[in-house]
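Please take a moment with the sequence and the model below before reading on. The paragraphs that follow go through the ligand site and then turn to another pocket.

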Amino acid sequence: MIDLRSDTLTRPTDEMRAAMARAEVGDDVYGEDPTVAALEERVAGMFGHEAALFTPTGSMANVLAVRSVVNAGQEVLCEASAHIARAELGAHGAYTGLTMRTWIHPRGQVDLPTIQTIFAPDMGPFFVPTAAISVENTHNFAGGAVLPLADLRDLREYATGVGVRVHMDGARIWNAHVATGTPFEEYGAVADVMSVCLSKGLGAPVGSLMIGSRDAIAEARVWRKRMGGGMRQVGILAAAGLHALDHHVARLADDHAHAKLLAEACGVDPATVDTNIVVVHRSDAADFVARARDEGVVISTVGPTAVRLVTHLDVTREDAEKAAAVLGAL
Ligand SMILES: Cc1ncc(COP(=O)(O)O)c(C=O)c1O
């Protein structure tokens, strides 16, 4: 079986497992795990921020990050198919008590004119005020689309002007960096607060980080514990993340090339595939997925007429070519 459902399906490599086995650990709830501390410091520095916090999941990193800039009774604006709106099961409403309003863009992009029309200033006790604008880079359900730096800079300038904060869901920011060559610091500079995932394209088994100011991270550390996310000798997982940062970033270019191959086979213009995700629109989506599985290629639907293919560390060039042949024939 060639499994293209998600880049979260990867299994740790032997080298990653060896790095995990060697990790120096301590109780991270006591702040005594040196490997976690090293990972947090490294990732914060990469993005030019003061601090970072290791979390078990990207969803928790997003909930902590968004709640650091949006209070209960306030709203965050985001694109309609953003992971925070569509796939975190209402966590931001359930835990933080915020509401969301959305703009729609088929490629998940920043649509500044629309954002400007839906932005709500604080008008006193009459309307929900906008506290933050959230963007997702790359955008998962928009097919791994990259958000251009120029658009992010314009958004940041607008947000600063109207006094709201910017959150970036950077679960796959590594892919955006490899696809465009944009330095991580440039992405960090357009957001007040971010999340990044080690457990997607980078191939770590577990782990994400929230990134932000020292104060925001100190507060998030309390909320992480409150939510049951205080972890003990978790350096064993942070070591996998450090190994992934050392060895699995540049290779994402292979995943991107494999995705273009699959796109071409499925009749999707490869020029529209920025990174490692291909979304194919078909009226027979569920049937297509079932027939692909019969031929040994596992893919999934992400909507009634949308099929998603994701390339990753465990998909070789040979696998990609085989899958392209099967899907092309179907
Ligand atoms: C863009 C994006 N953000 C956040 C997440 C959440 O990550 P997790 O599954 O670790 O909660 C995902 C998961 O696929 C994602 O695609």
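**The ligand and its surroundings**

In this predicted model, the space that the ligand takes is the second largest pocket. The shell around the ligand consists of Thr57, Gly58, Ser59, Asn62, His83, Glu88, Glu136, Asn140, Asp169, Ala171, Arg172 and Lys200, and when these residues are sorted by class, one is nonpolar, six are polar and five are charged. Among the contributors to this shell, helix α3, which spans residues 58-67, gives the most, with three residues.

A nitrogen atom of the ligand lies 2.7 Å from a side-chain N or O atom of Asp169, while the side chain of Arg172 places an N or O atom 2.8 Å from an oxygen atom of the ligand. Gly58 takes part through its backbone, where an N or O atom is 2.8 Å from a ligand oxygen atom. The ligand taken alone would expose 390 Å², and the protein buries 84% of that area.

The largest pocket is a separate topic. Its volume is about 310 Å³, and 19 residues line it, with Pro106, Phe141, Ala142, Val279 and His281 lying nearest its centre. Strand β9, covering residues 277-281, gives the most to this lining, with four residues. By class, the lining of the largest pocket holds eleven nonpolar, five polar and three charged residues, whereas the shell around the ligand, as given above, has one nonpolar, six polar and five charged residues.

Terms used
Residues are numbered from 1 along each chain as its sequence is written. This is a predicted model: local features need pLDDT of at least 70, side-chain atom pairs count only at pLDDT 80 or more; totals for chains, interfaces and linings use all residues. Side-chain values use heavy atoms; hydrogens and water are left out. A residue is near a molecule or strand if one of its heavy atoms lies within 4 Å of it. A polar contact is a pair of N or O atoms within 3.5 Å; within protein, one must be able to donate a hydrogen and the other to accept it, and residues adjacent in sequence count only if both atoms are side-chain atoms. Accessible areas come from the Shrake-Rupley method with a 1.4 Å probe; for residues, only the protein chains shown count as cover. On a 1 Å grid over the protein atoms alone, a cavity is a set of points where a 1.4 Å probe fits but cannot get out, and a pocket is an open set with protein on both sides within 12 Å along at least five of seven lines; lining residues have an atom within 4 Å of a point. A molecule sits in a cavity or pocket if more than half of its atoms lie within 2 Å of its grid points. Helices (H or I, at least four residues) and strands (E, at least two) are DSSP runs, numbered from the N terminus. Ala, Val, Leu, Ile, Met, Phe, Trp, Tyr, Cys and Pro count as nonpolar, Asp, Glu, Lys and Arg as charged, and the others, Gly among them, as polar. Grid points are joined across faces, edges and corners, and a volume is the space filled by probe spheres set on the points.
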